[in-house]
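Here is a short briefing on the fold.

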Amino acid sequence: MGDSRPADRYLDAAIGLLHRVRDEESEAIAAAGTLLADTVAAGGRLFAFGAGHSSLAAQDLVYRAGGLALMNLLAVPGAVGVEAPATLGSALERVDGLASAVLDSSPLRAGDVLVIISLSGRNALPVEMASGARARGVRVVGVTSVAYASGTTPRNASGTFLKDHCDVVLDSKIAVGDAELTLDTVPAPFAPASTVVTTALLQAVMATAAASLADRGVEPPLLRSGNVDGGHEWNGRVLEQYRDRIFYRQ
């Protein structure tokens with residue numbers, strides 16, 4: 001490790017991944033942002049899904065200051081974030097057929113967009129969520145690490161990965177195992193960066209979508225911080241204007 005501190009090494013690694021995403025995923029970011037803008041302009045709705053820690057990046061898009069008000073969380077009870085028992089969420093990701101039940105009970109409809117976040121993209125829930133959504137006429141943006149498709153085996157009945165069922169794929173560039181550091185005195189790799197990179201990647205997509213709408217003469221349905229003067233009033237108007245496309249208030 002030399003004289004470099006672990007904190008510095010981790011931050012350098014995260015910055016390096018962000019540079020890779022910026023340089024290598026620019027076309028995919030533009031495509032995803034344009035797809036979201038197309039959907040908003042056409043009267044469609046936006047949803048995001050992730051299980052376990054992948055849910056953190058999905059939740060960061062919902063009811064977010066500076067974010068699109070139309071982004072809704074598609075939640076699977078027991079798999080949102082890290083709830084106790086934490087192992088239940090991991091088990092639910094591997095349950096065949098669960099995605100169909102979730103989609104059948106959700107407000108998703110043809111013409112909507114679903115952003116699906118899964119680092120490995122190998123488990124049944126995100127894979128079947130993507131394939132099932134597309135079968136229903138929903139466009140799918142997948143956020144995953146493509147490296148897992150060559151470094152691991154699928155863990156679902158179809159034998160495929162999330163990336164195989166998406167209209168747009170965003171590659172987070174995270175290495176298999178999601179740990180950026182090693183140290184002789186530490187028995188396992190450590191310091192994951194997937195949340196940092198995935199969240200930034202998705203916010204880049206949101207920025208693209210907002211700018212794309214503005215370029216068309218459509219005011220982006222953005223929320224403002226409630227902690228600035230006038231923020232609550234602004235948000236109230238936006239939420240009322242788009243109340244038929246927002247589900248997190250129910």
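Helices (H or I, at least four residues) and strands (E, at least two) are DSSP runs, numbered from the N terminus. Two strands pair if DSSP finds at least two bridges between them. S6 and S7 form a hairpin with two residues between them.

This is a predicted model: local features need pLDDT of at least 70, side-chain atom pairs count only at pLDDT 80 or more, and totals for chains, interfaces and linings use all residues. Residues are numbered from 1 along each chain as its sequence is written, and side-chain values use heavy atoms, with hydrogens and water left out.

**Hairpin**
- Strand S6 covers residues 181–183 and strand S7 residues 186–190; they pair in the antiparallel sense over two bridges.
- Leu-181 has Phe-190 in S7 as its bridge partner.

**Sheet**
- Five strands make an open sheet, ordered S2-S1-S3-S4-S5, with parallel pairing.
- Strands S2 (71–73) and S5 (168–171) are the edges, each pairing on one side only.
- From one strand to the next, the twist averages 20°. Axes are lines fitted to C-alpha atoms, for helices over the stretch in contact, and angles run from 0 to 180 degrees between N-to-C directions.
- Strand S4 (residues 139–144) pairs with S5 in the parallel sense over four bridges.
- Thr-144 stands opposite Asp-171 in S5.
- Helix H2 (residues 26–41) packs on the sheet and touches strand S1 (46–50), S2, strand S3 (113–117), S4 and S5. Contact means heavy atoms within 4.5 Å. The direction of H2 makes about 135° with that of S5.

**Helix H1**
- H1 (residues 6–24) has 19 residues, which should span 27 Å at 1.5 Å a residue; its end C-alpha atoms are 27 Å apart, which agrees. The expected span is 1.5 Å times one less than the number of residues.
- Tyr-10, Ala-13, Ala-14, Leu-17 and Val-21 are the buried residues of H1. Buried means under 20% relative accessible area, exposed over 50%, partly exposed in between (1.4 Å probe, protein chains only).
- Seen down the axis, these buried residues fall within an arc of 95°, so they line one face of H1. The arc is that of the directions from the helix axis to the C-beta atoms.
- They pack against H2, S5, S6 and H8.
- Exposed Asp-12 and Asp-23 sit on the face of H1 turned away from its buried side.

**Gly-226**
- Gly-226 lies in the loop between helix H8 (194–215) and helix H9 (231–241).
- Gly-226 is partly exposed, at 30% relative accessible area.
- Leaving aside neighbours within four places in sequence, Gly-226 contacts His-232 and Asn-235.
- Gly-137 is 89 residues from Gly-226 in sequence and 35 Å away in space, C-alpha to C-alpha.
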